[in-house]
Amino acid sequence: MKQEPYKIDVKDFLAKGRVGDRSDIEINEKLNIQLDEENVLREISGKVTLTLLETEILAEFGINYFCETICARCLKEFERQGKVKFERGYLIGRRIPEEDKLLVDKNFQIEIGKPALEEITLDIPMKPLCDKSCKGLSPNPKH
Ligand SMILES: [Zn+2]
């Protein structure tokens with residue numbers, strides 16, 4: 001996933017594939033995407049499994065990510081690793097997306113960057129901790 005949309009070409013998969021066919025695509029990208037004030041996405045890796053269905057391509061994502069973040073207790077910067085699993089359907093030969101569905105575009109590509117960023121953003125904790133036992137700045141946190 002680069003800053004620009006991150007697309008997978010599915011032309012051959014559609015041309016040669018039959019319903020039920022599957023294809024694995026490996027992902028490994030170094031990144032520098034500011035997700036919010038405290039989180040910078042540095043790397044994603046993993047796999048997208050495509051399955052050809054009658055009217056759509058089902059994409060199942062299993063993605064590990066590394067995010068630079070700031071500990072909510074000690075305010076130290078650290079690198080947090082996370083994992084997201086999710087799926088998206090990409091409609092074939094359609095121009096208008098349905099609810100919850102994306103499209104195979106006219107160049108026979110599917111855009112995976114945006115859904116991946118959506119899911120990673122949802123996965124980021126409100127109060128990340130550098131360590132579960134982090135004592136923080138104060139020995140007596142107010143909670
Ligand atoms: Zn900490």
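Which residue stands opposite V84 in strand 5? The residue is I63. This model is predicted: local features need pLDDT of at least 70, side-chain atom pairs count only at pLDDT 80 or more, and totals for chains, interfaces and linings use all residues. Residues are numbered from 1 along each chain as its sequence is written.

The sheet comes next. Strands here are DSSP runs of E with at least two residues, and helices are runs of H or I with at least four, both numbered from the N terminus. An open sheet is formed by 5 strands in the order 2-3-4-5-6, with mixed pairing; two strands pair if DSSP finds at least two bridges between them. Strand 2 (22–36) and strand 6 are at the edges with a single partner strand each, so one side of each has no neighbour in the sheet. Strand 4 and strand 5 pair in the antiparallel sense over 15 bridges.

The largest nonpolar core has 19 residues, and I57, A59 and I110 have the most contacts inside it. Such a core is a set of buried Ala, Val, Leu, Ile, Met, Phe, Trp, Tyr and Cys residues joined through C-beta atoms within 7 Å. Buried means 20 or more other C-beta atoms within 10 Å of a residue's own, exposed 12 or fewer, and partly exposed in between, with C-beta atoms placed from the backbone.

R94 is in the loop between strand 5 (77–91) and strand 6 (101–103). R94 counts as partly exposed because it has 13 C-beta neighbours inside 10 Å. The C-alpha atoms of R94 and E43 are separated by 32 Å.
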